[in-house]
Amino acid sequence: MLQKILYNFDIALEAIQRNKLRAFLTSLGIIFGVSSVIAMLAIGTGAQQEVLSQMQLLGTNNVIVQPVVEQRQGNVNEEGQQQESTKFSPGLTLKDLESIRDHVPEVERLSPEIVYETSFIREARMRTGKLVGVNSDYFDISNFEFIEGGNFSELQIGQAEPVAVIGYDVKTRFFPGEDPIGQKIKVGHLWLTVIGVLEKKEVSNENIENLGIRNFNLDIYAPVSTVLLRFKNRAVVTANDLDSGGSGGSTVIMGGGAMIFSTGGSSSSSSDYDGNYNQLDRLIVKVTDTKYSGTIAEILSRMLQRRHNDVVDFEIIVPEQLLQQEQQTKRIFNIVLSTIASISLIVGGIGIMNIMLASVVERFREIGVRMAVGAQKKDIELQFLTEALTISVTGGFIGIMLGMAFSYMIEASADIATIVTPVSIIISFGVAVLIGVVFGYYPAKQAAQHDPVHALRHE
């Protein structure tokens, strides 16, 4: 049987060599079909990998609560003018965090997040950056690893000690060639002692823009108690925070559990108070399993609305659901692209059938001679089927090389992540072989049905 296959393969090669240009043009459909499918699957795999990396950045089991600073609500009078609500909201505070920890089930870890734009200074080097107030759970929630030092201790958090964990780029810029552990860096007006260094987080500009995240490598982290006590606590509004520019009168400011009453004349001092009375910029809740994310998000919404006196000055984000929707959209888009690319394979198969039917007509006499000397119908079928398979397999191999080249060119020129996997190569090549069998069988069957006497008389 093997000898018969090899013999038919030699005949197929001889027939292809006699009509090289025709065979090449016939295989173009297979070549571009296979290369297109590989390139499209590579784009799809790259997009899926990008979504997974985004999920790692945001945390697969996280629910995020963040304040809405300029939230307004109230009734409208007959003239259509808004009557603002007089309800008091304490804003997003550490008390909300404690309430969630005490009353919400299936919560694994919790961390506040307070972000202040400030400056970092050390040994005549200065750059602006973000000071982030967190607790010890934050680094586990955000999937951070320490390459030097370690996490905040309960004692350091409880006593609001001036300590810090720095990002990887902060280490390379302010502590080049030296061990930063135990050394100090000035953050704003305060010197902080470095106790840990985080591993480098690969964050693309696209992720920073689309996900609304920071470049974590340039951040400095301090205990939330340290930030509130030694830097600023927005829940406590002081007279310095108020812009009293005007003569006479009085102002009452309520927010974050504090009330300040100020009176007096005009003042030329201006304030950086922006109306943000929320003690926290963000609250991150890590649930035990993603299946609880939606339910816990609903529970958090009701709890916080009740705690904030029905003032909805917060929003709840479930990153896992958002990213799943994005992944589903990209999956549908990739299926459409792959389907369009697969049309080239079908067109290539039709081309193979067309050329093989023409080849059968041209080689009537050859078919008659082979049948006259003892070849059976199965032998004739195998001969033409082998020729069709040779064309499709050769086109498949060329298409694989071209598809990999297309993928790398797309990644280099369009800045789109592409990943060529063995599965995509196997699928594309398997479809090419299947196309050769399916579209080569009918011409082979037609060749085997000819009467040898009639074939020998054909000119």
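Author: Let's begin with one side chain: a polar atom of the Thr 226 side chain lies 2.7 Å from the backbone oxygen of Glu 161. This is a polar contact, meaning a pair of N or O atoms within 3.5 Å; within protein, one must be able to donate a hydrogen and the other to accept it, and residues adjacent in sequence count only if both atoms are side-chain atoms. Before going on, please note that this is a predicted model, where local features need pLDDT of at least 70 and side-chain atom pairs count only at pLDDT 80 or more, while totals for chains, interfaces and linings use all residues. Residues are numbered from 1 along each chain as its sequence is written, and side-chain values use heavy atoms, leaving out hydrogens and water.

Thr 226 belongs to helix α8, residues 224-230 (helices, H or I and at least four residues, and strands, E and at least two, are DSSP runs numbered from the N terminus). Thr 226 counts as buried because its relative accessibility is 0%; buried means under 20% relative accessible area, exposed over 50%, and partly exposed in between, with a 1.4 Å probe and protein chains only. If we set aside neighbours within four places in sequence, Thr 226 is in contact with Ala 160, Glu 161, Pro 162 and Phe 231, where contact means heavy atoms within 4.5 Å.

Now look at helix α3, residues 94-103, where you will find Asp 96. Asp 96 is buried, because its relative accessibility is 1%. Beyond its neighbours within four places in sequence, Asp 96 is in contact with Gly 91, Leu 304, Arg 307 and His 308.

What about the charged pairs? Side chains of opposite charge can pair when their charged atoms come close. A salt bridge here is a side-chain nitrogen of Lys or Arg within 4 Å of a carboxyl oxygen of Asp or Glu, and the whole structure has 13 of them. In one of these, the side chains of Arg 101 and Glu 98 meet at 3.2 Å, N to O. The two are three residues apart in helix α3, which means about one helical turn separates them. Arg 101 is partly exposed at 38% relative accessible area, and Glu 98 is partly exposed at 38% relative accessibility.

Another salt bridge joins Glu 123 and Arg 122, with 3.5 Å between the closest N and O atoms. Here Glu 123 is exposed at 54%, whereas Arg 122 is buried at 5%.

Lys 200 and Asp 169 form a salt bridge too, at 3.3 Å, N to O. This pair links distant parts of the chain, 31 residues apart: Lys 200 sits in the loop between β9 (190-198) and α7 (205-211), and Asp 169 in helix α6. Lys 200 is partly exposed at 37%, while Asp 169 is buried at 12%. Elsewhere, salt bridges with shared partners join Arg 109, Asp 137, Asp 140 and Lys 286 into one network.
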